[in-house]
Amino acid sequence: MERVRLEFPAAAWTHRHPLAVRITDMNYGRHLGHDALVSLLHEARTQSFAALEVAEWDIHGYPSVVADLAIQYQAEARWPELLEVQTALPVPDGKALVAFQRVVRPADGVQVALARLNLLLLDPASGRPVAVPEALRERLTRREGG
């Protein structure tokens with residue numbers, strides 16, 4: 001199976017959020033565990049939506065769900081290292097809101113991981129996916145590159 005290399009969209013609107021590796025984030029290999037990384041990504045993504053004045057559970061009236069997630073690891077991170085999670089949200093096209101998240105260790109500039117996920121917004125009444133609201137699309141268009 002061919003591995004697809006993820007690329008961080010540098011031109012997209014990006015939010016930066018500092019996080020520290022906690023002792024409880026360590027796995028048996030004595031580095032940041034996969035489950036802990038997913039939680040750190042979620043925290044940073046929640047903060048990026050807050051910067052856009054929306055919440056993952058209420059994006060202009062629609063809750064979001066993660067449809068899929070891909071993570072590529074480039075380096076290990078350990079307690080008590082400080083990390084920065086950069087969340088890029090390109091202007092959406094259609095029903096999927098794609099988020100890219102790059103985890104960097106600022107102390108040495110090493111990229112620890114890169115993630116890509118698709119969020120779907122659901123109609124609360126039917127549970128079916130809906131198009132990304134124009135208000136969010138416009139906000140991302142205005143802030144792109146910021």
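The secondary structure of this predicted model comprises two helices and six strands, where helices (H or I, at least four residues) and strands (E, at least two) are DSSP runs numbered from the N terminus. Read along the sequence, the elements follow the pattern β-α-β-β-β-β-β-α. The radius of gyration, taken over C-alpha atoms, is 16 Å, close to the 15 Å that the globule rule gives for 146 residues, so the chain is as compact as a globular protein of that length. That rule is 2.2 Å times the number of residues to the power 0.38.

Residues are numbered from 1 along each chain as its sequence is written, and side-chain values use heavy atoms, with hydrogens and water left out. Because the model is predicted, local features need pLDDT of at least 70 and side-chain atom pairs count only at pLDDT 80 or more, while totals for chains, interfaces and linings use all residues.

**Overall dimensions and surface**

- The C-alpha trace spans about 45 × 35 × 30 Å along its principal axes.
- Buried residues make up 42% of the 146 residues in the chain; buried means under 20% relative accessible area, exposed over 50%, and partly exposed in between (1.4 Å probe, protein chains only).
- The accessible surface comes to about 8100 Å², of which 53% belongs to carbon and sulfur atoms; areas come from the Shrake-Rupley method with a 1.4 Å probe, and for residues only the protein chains shown count as cover.
- Among contacts (heavy atoms within 4.5 Å) with a separation of 6 or more, 70% join residues 24 or more positions apart.

**Nonpolar cores**

- In soluble globular proteins, nonpolar side chains tend to be buried together.
- A nonpolar core is defined here as a set of buried Ala, Val, Leu, Ile, Met, Phe, Trp, Tyr and Cys residues joined through side-chain atoms within 4.5 Å.
- The largest such core holds 16 residues, of which Leu-32, Leu-37, Leu-41, Leu-83 and Val-103 touch the most other members.
- Helix H1 (34-51), strand S3 (82-89) and strand S5 (110-122) each give two or more residues to this core, and the largest share, five residues, comes from H1.
- Leu-37 touches Leu-32, Ile-71, Tyr-73, Val-103 and Ala-113, residues up to four places away in sequence not being counted.
- A second, separate core has 15 residues, including Leu-52, Ala-99, Leu-119 and Leu-136.

**Strand S1 and Leu-19**

- Leu-19 is found in strand S1 (residues 13-20) and counts as buried at 14% relative accessibility.
- Leaving aside neighbours within four places in sequence, Leu-19 is in contact with Leu-40, Glu-43, Ala-44, Glu-81, Leu-82, Leu-83 and Val-85.
- Leu-19 and Glu-81 are 62 residues apart in sequence, and their C-alpha atoms are 8.8 Å apart in space.

**Salt bridges**

- With a salt bridge taken as a side-chain nitrogen of Lys or Arg within 4 Å of a carboxyl oxygen of Asp or Glu, the count comes to eight.
- Glu-53 pairs with Arg-139, the closest N and O atoms being 3.6 Å apart.
- Glu-53 lies in the loop between H1 and strand S2 (64-73) and Arg-139 in helix H2, so the pair ties together parts that are 86 residues apart in sequence.
- Within this pair, Glu-53 is exposed at 64% relative accessibility, whereas Arg-139 is buried at 18%.
- Glu-76 forms a salt bridge with Arg-78, with 2.4 Å between the closest N and O atoms; Glu-76 is partly exposed at 37% relative accessibility, and Arg-78 is partly exposed at 37%.
- Glu-81, Arg-105 and Asp-108 are linked in a network of salt bridges.

**Arg-137 in helix H2**

- Arg-137 lies in helix H2 (residues 134-143) and counts as buried at 15% relative accessibility.
- A salt bridge joins the side chains of Arg-137 and Glu-134 (3.3 Å, N to O); both residues lie in helix H2, three residues apart, about one turn of the helix.
- Glu-134 counts as partly exposed at 45% relative accessibility.
- The side chain of Arg-137 also reaches the backbone oxygen of Val-132 at 3.0 Å, a polar contact being a pair of N or O atoms within 3.5 Å; within protein, one must be able to donate a hydrogen and the other to accept it, and residues adjacent in sequence count only if both atoms are side-chain atoms.
- Not counting residues up to four places away in sequence, Arg-137 touches Val-91, Pro-92, Asp-93, Gly-94 and Val-132.
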